[in-house]
Amino acid sequence: MSRGGGAAARLGRRALRVCALPAGLVALWWAAAASSRSYYLPAPDAVAVTFAEVWFSERILADALPSVVRLLAGFALAAVLGVALGTAIGSSPRLRAFTEPVLEFWRAVPPPVLVPLLILLAGIDDAMKVLVIVSGCVWPILLNTVEGVRAVDPVLADTCRSYRISGFTRLRTLVLRSASPQIMAGLRQALSIAIILMVISEMFASSSGLGFTIVQFQRGFAIPEMWSGIVLLGLLGLALSLAFQRVERSVLDWYHGLRAATRGE
Amino acid sequence: MSAVLEVTGLRKVYEGGGRRVEAVGGLDFTVPAGQLACLVGPSGCGKTTLLKCVAGLMRPTSGSVRLAGEPVTEPPPDMAVVFQEYGRSLFAWLSVADNVALPLKEKGVPRARRAELVRRALADVGLSDAAGAHPWQLSGGMQQRVAIARAIAYEPRVLLMDEPFAAVDAQTRAELEDLIRGLWQRLGVTVLFVTHDIDEAVYLGQRVLVLSASPTRVQDDLAVDLPDRRDQLTTRGDVRFTELRARVYARVQAAKRGERPAPDPSAPPAPAPR
Ligand SMILES: Nc1ncnc2c1ncn2[C@@H]1O[C@H](COP(=O)(O)OP(=O)(O)OP(=O)(O)O)[C@@H](O)[C@H]1O
Ligand SMILES: [Mg+2]
């Protein structure tokens with residue numbers, strides 16, 4: 001009884017901790033909406049009702065799903081491309097010397113700067129939109145992978161050489177695993193860039209998608225509907241980030257343990 | 001016995017960063033098959049450099065290393081190295097058992113045999129309970145023993161060890177010394193064992209090579225004529241052991257003072273200094 005009660009109490013406290021700040025912010029929103037009575041700032045309950053009306057319909061299939069599919073396709077493609085190129089560049093000093101100036105340039109360019117250019121490229125079809133996402137989020141993955149691959153411990157590399165571990169096994173057990181903390185950091189950055197680019201690519205020259213829908217609502221002065229779209233985007237970002245955290249925790253389990261051990265627990 | 005390892009005129013000069021260090025300055029020695037040879041020398045004299053050249057991990061500036069008659073240009077099969085930086089030589093993302101098993105897998109040892117070799121090697125170094133742990137969950141000495149277990153599970157013909165017992169306590173050290181001797185006798189493996197510890201060199205080896213300060217040469221090469229059956233108490237109490245230890249100690253001290261080995265009239269003349 002006491003153990004079960006304790007666990008329930010712990011769970012309750014935890015739920016309270018997690019929900020306290022969001023609840024407070026919603027309350028603040030409520031107060032602000034009630035006092036301003038602005039047309040552009042509907043109250044949260046109105047947005048919630050609209051949310052259910054707008055998104056619990058075939059619209060979720062027609063507009064949200066294609067967005068998510070393009071987002072995931074672009075992110076996956078960028079991941080494969082970034083890790084593959086990054087591994088090649090990181091492993092070869094000659095290739096690195098050759099590509100260094102270009103990479104330094106991209107490292108210095110903040111991704112939002114690319115937006116105007118990408119808008120020009122973002123055509124009406126899916127392939128173009130996926131391409132926009134890939135071209136924006138491949139860089140952090142590529143640059144981080146290069147760094148990670150370069151930083152492979154020389155003693156561990158010698159160990160592999162002396163046990164004649166080479167080729168694919170070496171790539172899989174030495175190079176990619178020891179670079180995985182940096183690769184994951186690159187992927188995390190890329191994920192948030194991918195969401196931004198997904199929305200942006202749909203706001204211009206598009207006929208479907210979350211970004212398109214939000215802009216449509218805004219142009220038609222359907223303000224609560226517009227807000228419901230923004231909320232959906234936020235929820236999507238949150239869900240992706242949580243999913244990423246889970247993957248990261250299992251991939252980098254050893255790394256967090258190692259860090260904790262070297263810090264002296 | 002034929003020489004399995006021949007080191008001829010081995011020189012290694014490190015260059016770079018505006019610094020030129022001649023680490024190894026013309027080494028000649030041979031090791032017959034199945035010998036356990038210990039290398040002692042002052043810190044920084046070039047022992048690790050020598051071992052890396054022997055292991056085929058580093059190209060000598062001049063001279064050559066031959067293993068069973070073949071020149072060593074890359075890491076040869078059937079050779080295992082225990083590195084001085086043992087902690088960094090383990091895969092942090094693999095369990096202890098997987099660390100030991102990985103080279104065997106790459107070598108193509110069948111699964112059942114692999115499991116047996118891993119189990120036995122870990123039992124030999126007293127780490128059976130740690131098989132599922134990750135290296136960073138172990139103490140420094142335990143990590144060192146994982147690296148040793150990996151080398152012995154590999155069943156090499158030549159085993160190179162670079163100060164492998166530096167991080168373990170005296171008791172474990174004594175046990176590991178006996179373990180290495182036991183394995184050496186059981187497997188007939190040729191061992192090149194680098195150590196700082198003069199007692200350890202005399203206790204372990206059939207032969208002790210004393211290296212001079214950098215650029216290192218062979219300062220002394222003496223046979224350890226102690227009985228093959230050694231044990232920590234009686235062997236270390238033996239009069240002959242004390243004599244040998246005193247001699248190695250004197251030579252190491254001479255090496256530290258920078259005394260060059262007496263020129264050997266039968267050796268080829270050293271190149272004139274420029
Ligand atoms: N990569 C390197 N670049 C330049 N100099 C080096 C390099 N590695 C070693 N040296 C130099 O070569 C000499 C011999 O180094 P080495 O590591 O072989 O010594 P060691 O006998 O193994 O020393 P210790 O007993 O402390 O391990 C030292 O003077 C060292 O500074
Ligand atoms: Mg050394």
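1. Contact means heavy atoms within 4.5 Å. By that rule, and not counting residues up to four places away in sequence, Thr213(A) touches Trp55(A), Arg59(A) and Asp63(A).

2. A word on the basis. This is a predicted model, where local features need pLDDT of at least 70 and side-chain atom pairs count only at pLDDT 80 or more, while totals for chains, interfaces and linings use all residues. Residues are numbered from 1 along each chain as its sequence is written, chains are lettered from A and ligands numbered from 1 in the order in which they are written, and side-chain values use heavy atoms, with hydrogens and water left out.

3. Where does Thr213(A) lie? Thr213(A) is in helix H9 (residues 210–219) of chain A. Helices here are DSSP runs of H or I with at least four residues; strands are E runs of at least two; numbering starts at the N terminus.

4. Is Thr213(A) buried or exposed? Thr213(A) counts as buried, because its relative accessibility is 2%. Buried means under 20% relative accessible area, exposed over 50%, and partly exposed in between (1.4 Å probe, protein chains only). The Thr213(A) side chain also reaches the backbone oxygen of Gly209(A) at 2.6 Å.

5. Thr48(B) belongs to helix H1 (residues 47–54) of chain B, and Gln84(B) to the loop between strand S6 (79–82) and helix H2 (96–107) of chain B, so the pair ties together parts 36 residues apart in sequence.

6. Thr48(B) is partly exposed, with a relative accessible area of 25%. Gln84(B) counts as partly exposed at 31% relative accessibility.

7. Chain B has an open sheet of four strands, ordered S2-S1-S4-S5, with antiparallel pairing. Its edge strands, S2 (19–32) and S5 (70–71) of chain B, each pair on one side only. Two strands pair if DSSP finds at least two bridges between them. S1 (residues 3–16) and S4 (residues 62–67) of chain B pair over five bridges in the antiparallel sense. Glu6(B) has Arg66(B) as its bridge partner in S4(B).

Technical notes
Polar contact = N/O pair within 3.5 Å; in protein donor to acceptor, adjacent residues only side chain to side chain.
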